[in-house]
Amino acid sequence: MISSNTILEKHNYQVTPHIWNHDISNRQQSFLDLQRTSTTLKLKMQELLGQLNLSTTKEQLYVKKHSCQKTDTELEKTLSLLQATLNFTEELLEAIAPLLEEQIALKQQDLASSHQIAESQRLFPTCLQLKEVFDYIEANYHQSITLSDVAIAVGYSAAYLTNLVRRKTGKTVNDWIFERRMLAARTLLLETNQPINQIAFVVGYQYEGYFFRQFRQFHGTTPQAWRNIQRSNISVNR
């Protein structure tokens, strides 16, 4: 087998240990340079990737910030519109409040009137011969009417009418006027907040003191005390 030295000698190459060692050193240096270059490139690439990611993140943050600003603007517009609507609603309610209160008052009066009519229908007995008498009392009890007024309205003398009504019902004409007024007073005491003196006038009494005396005589207590007791009982039963 021919050795490597023999081949080198044949070609007149003179290889010395110094030259061989020098080639190895150069190769090692080149390898190290390549490693350093590779490392540098990797670091540079990582840096560029980091900058790219940072740029992307900044762009995303900018987009998000811009989106948030747009959302905030839209919310401000919506809140402004809602506030304007609320202000308009409050102004409208203030404008119509008196009308609503008036309608409620009228409705309460209508209900009270309907209730009184229904109560009066149960109050007065069914008697064809006395229908005109009771109709007149129903239509005029809130005024200062007397037996004579009723007798004239139905075409009888006061004495004859008194005997007729007493015979048919067991009560006098004045008794029926009085009971109708008391029924109206109880309804107003219970269903409204009108003061007592106003109620007395509404149901046909010119003098509040006379109304007090007749109410106490019929109910055993004052109008205000009766109102308090009845409303307290209603509250307990609810």
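This is a predicted model: local features need pLDDT of at least 70, side-chain atom pairs count only at pLDDT 80 or more; totals for chains, interfaces and linings use all residues.
The side chains of R180 and E138 meet in a salt bridge, with 2.6 Å from N to O. R180 lies in helix α6 and E138 in helix α3, so this pair ties together parts of the chain that are 42 residues apart in sequence.

In one of them, E179 pairs with K171, and the closest N and O atoms are 2.5 Å apart. E179 counts as buried at 14% relative accessibility, since the limit for that class is under 20%. K171, for its part, is partly exposed, with a relative accessible area of 27%.

The other bridge joins the side chains of D135 and K131, at 2.7 Å from N to O. Here both residues belong to helix α3, which covers residues 131-140, and they sit four residues apart, about one turn of the helix. D135 is partly exposed at 38% relative accessibility, and K131 is likewise partly exposed, at 46%.

Let me now turn to the packing of helices. How do α6 and α8 lie relative to each other? The axes of helix α6, residues 173-191, and helix α8, residues 208-219, come within 11 Å and cross at roughly 95°. The two helices are therefore roughly perpendicular to each other, as angles from 65 to 115 degrees are placed in that class. On the α6 side, the contact is made by F178, E179, M182, A185, R186 and L189; on the α8 side, by F211, Q214, F215, F218 and H219. Please note that E179, which forms the salt bridge with K171, is among the α6 residues in this contact.

Two further positions deserve a brief mention. K168 lies in helix α5, residues 158-169, and counts as partly exposed at 43% relative accessibility. Leaving aside residues up to four places away in sequence, K168 touches C127, Q129 and L130. The C-alpha atoms of K168 and L130 are separated by 8.5 Å, although the two residues are 38 apart along the chain. P195 is found in the loop between α6 and α7, the latter being residues 196-202. P195 is partly exposed, with a relative accessible area of 41%, and its C-alpha atom is 10.0 Å from that of P223, 28 residues away along the chain.

On the surface, M45, L49 and L52 form a nonpolar patch, with about 310 Å² of accessible area together. M45 lies in helix α2, which runs over residues 17-123. Is M45 buried or exposed? M45 is exposed, with a relative accessible area of 53%.

Finally, the overall architecture. The secondary structure comes to nine helices and zero strands. Of the 238 residues in the protein, 21% are buried. The accessible surface comes to about 18,000 Å², and carbon and sulfur atoms account for 57% of it. Among contacts between residues at least 6 apart in sequence, 58% join residues at least 24 apart. The R180 and E138 pair, with which I began, links parts that are 42 residues apart in sequence.

Key. Residues are numbered from 1 along each chain as its sequence is written. Side-chain values use heavy atoms; hydrogens and water are left out. Patches are made of residues with over 30% relative accessible area and no salt bridge: like charges are joined within 9 Å, nonpolar side chains (Val, Leu, Ile, Met, Phe, Trp, Tyr) within 5 Å. Accessible areas come from the Shrake-Rupley method with a 1.4 Å probe; for residues, only the protein chains shown count as cover. A salt bridge is a side-chain nitrogen of Lys or Arg within 4 Å of a carboxyl oxygen of Asp or Glu. Buried means under 20% relative accessible area, exposed over 50%, partly exposed in between (1.4 Å probe, protein chains only). Axes are lines fitted to C-alpha atoms, for helices over the stretch in contact, and angles run from 0 to 180 degrees between N-to-C directions. Angles under 35 degrees count as roughly parallel, over 145 as roughly antiparallel, 65 to 115 as roughly perpendicular and the rest as oblique. Contact means heavy atoms within 4.5 Å.
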